[in-house]
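Dear colleague,

I am handing over the structure we spoke about, and it is placed just below this paragraph. My notes on what was found in it follow, and I would be glad if you read them with the structure open beside you.

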Number of protein chains: 2
Amino acid sequence: MRKSLYMNILVPLDGSDNSQKALIQACDLARVYQSNLILVYVVDKSPSLNLLDKKEYLEILRKFGNRVLLKGKKTANDKGLDVTTIIKEGNITNEIVKLAKNKKCNLMIVGSKGLGATARFFLGSVSNKLANNSPCSLLIVK
Amino acid sequence: MRKSLYMNILVPLDGSDNSQKALIQACDLARVYQSNLILVYVVDKSPSLNLLDKKEYLEILRKFGNRVLLKGKKTANDKGLDVTTIIKEGNITNEIVKLAKNKKCNLMIVGSKGLGATARFFLGSVSNKLANNSPCSLLIVK
């Protein structure tokens, strides 16, 4: 069999409906291309995060991230696909780009809009940054 | 058979190596998903185009666009795929977005960088604009 065009697919999740939609499209592609699916949630630790109770806030994000990954894993498993789930901490775009390089990803799939500014996830603007910085092809799902 | 995830795929071409790379990835996806492939070249008529001999310049672009589409068609035909080729004139991003809507495209595939500013094609920055304005999912090929 010829080598798959998309051997490793990375799906950054933020818990939004849009990232869930991206995941579902990723599952379809992974099935067709027999890809390894990697789901990642990044706990946002960018310096702009200026909160009185930052420690508690990060703890909440970690728990949320784990739940998001668990839900993502279930979505993929229900479609008969295995996944790797990874939680990272730092600047969202940087961590996603680093991971895509380390895992030799051929494709990254993101939602076109995240939870929005109020929720501090910004996957919308993250997808813009990834459009410029992704080391691999990027699919922005509408 | 279930309905294809990517029934209609739009590939804007600008004659660059990157858009050729995008086309090759589009051919792979079109084969797998049995999609209709639509290739488009847009003759840039944005108001920023301020040239003494605009008429002649546009004539050159039209000829170039037709050659680019012919080459794209050959690439796809060589892989056993039929394509529709379309040439448009106007603002590049607007024309691509309009066409994607009219043709009910589910996916648009572009190169991550175009010919660059000097050649006045800007598919690089066009892909940024499309990331925000595309009516359908957008794959940016690296």
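This is a predicted model: local features need pLDDT of at least 70, side-chain atom pairs count only at pLDDT 80 or more; totals for chains, interfaces and linings use all residues.

Of the 142 residues in chain A, buried residues make up 43%. Among the contacts in chain A with a separation of 6 or more, 74% are accounted for by residues 24 or more positions apart.

Helix H2 of chain A covers residues 54–78, and at 1.5 Å a residue its 25 residues should span 36 Å, which agrees with its end C-alpha atoms being 36 Å apart. The residues of H2(A) that are buried are A:Leu61, A:Gly65, A:Val68, A:Leu69, A:Gly72 and A:Ala76. An α-helix has 3.6 residues a turn, so residues three or four places apart point the same way. The buried residues of H2(A) pack against H1, strand E2 (36–44) and strand E3 (83–90) of chain A. After H2(A) comes A:Gly80, whose phi is positive, near 80°.

Two packed helices are described by the angle between their axes and the distance between the axes. For H1(A) and H2(A), the axes come within 10 Å and cross at roughly 35°, and the crossing is right-handed. The residues that meet there are A:Leu23, A:Ile24 and A:Cys27 in H1(A) and A:Gly72, A:Thr75 and A:Ala76 in H2(A). By class, this contact has four nonpolar residues, two polar residues and no charged ones.

**Where the two chains touch**

The contact between the chains takes 16 residues from chain A and 16 residues from chain B. On the side of chain A that touches chain B, helix H1 (17–33), helix H4 (123–133) and strand E5 (137–141) each supply at least two residues, and E5(A) gives the most, with five residues. Divided by class, the residues on that side of chain A are nine nonpolar, five polar and two charged.

How do the E5 strands of the two chains run where bridges join them, parallel or antiparallel? E5(A) and strand E5 (residues 137–141) of chain B run antiparallel, and three bridges join them. In this pairing A:Leu138 has B:Ile140 of E5(B) as its bridge partner, while A:Leu139 stands opposite B:Leu139.

**Strand E5 of chain B**

E5(B) is mostly covered, with five of its five residues buried. B:Ser137, B:Leu139 and B:Val141 point one way from the strand and B:Leu138 and B:Ile140 point the other way, and all are buried. Within chain B, strand E4 (residues 107–111) is joined to E5(B) by five bridges, and these two strands run parallel. There, the bridge partner of B:Gly111 in E5(B) is B:Val141. E5(B) is therefore bridged both to E5(A), with which it runs antiparallel, and to E4 of chain B, with which it runs parallel, by the definition that two strands pair if DSSP finds at least two bridges between them.

**Helices and loops of chain B**

In chain B, helix H1 (residues 17–33) and helix H2 (residues 54–78) pack at an angle of about 35°, with their axes 10 Å apart, and their crossing is right-handed. The contact is made by B:Leu23, B:Ile24 and B:Cys27 of H1(B) together with B:Gly72, B:Thr75 and B:Ala76 of H2(B). Four of these residues are nonpolar, two are polar and none is charged.

Two loop residues of chain B may be worth a look. B:Gln34, in the loop between H1 and strand E2 (36–44) of chain B, has a positive phi of about 50° although it is not a glycine. B:Lys104, in the loop between helix H3 (92–102) and E4 of chain B, has a phi near 50°, again a positive value in a residue other than glycine. Are these residues buried or exposed? With exposed meaning 12 or fewer other C-beta atoms within 10 Å, B:Gln34 is exposed because it has 11, and B:Lys104 is exposed because it has 12.

With kind regards

Terms used
Residues are numbered from 1 along each chain as its sequence is written. Chains are lettered from A and ligands numbered from 1 in the order in which they are written. Axes are lines fitted to C-alpha atoms, for helices over the stretch in contact, and angles run from 0 to 180 degrees between N-to-C directions. Helices (H or I, at least four residues) and strands (E, at least two) are DSSP runs, numbered from the N terminus. A crossing is left-handed if the near helix is turned anticlockwise from the far one by less than a right angle, and right-handed if clockwise. Two residues are in contact if their C-beta atoms, placed from the backbone, lie within 7 Å. Ala, Val, Leu, Ile, Met, Phe, Trp, Tyr, Cys and Pro count as nonpolar, Asp, Glu, Lys and Arg as charged, and the others, Gly among them, as polar. The expected span of a helix is 1.5 Å times one less than its number of residues. A residue is buried if 20 or more other C-beta atoms lie within 10 Å of its own, exposed if 12 or fewer, and partly exposed in between; C-beta atoms are placed from the backbone.
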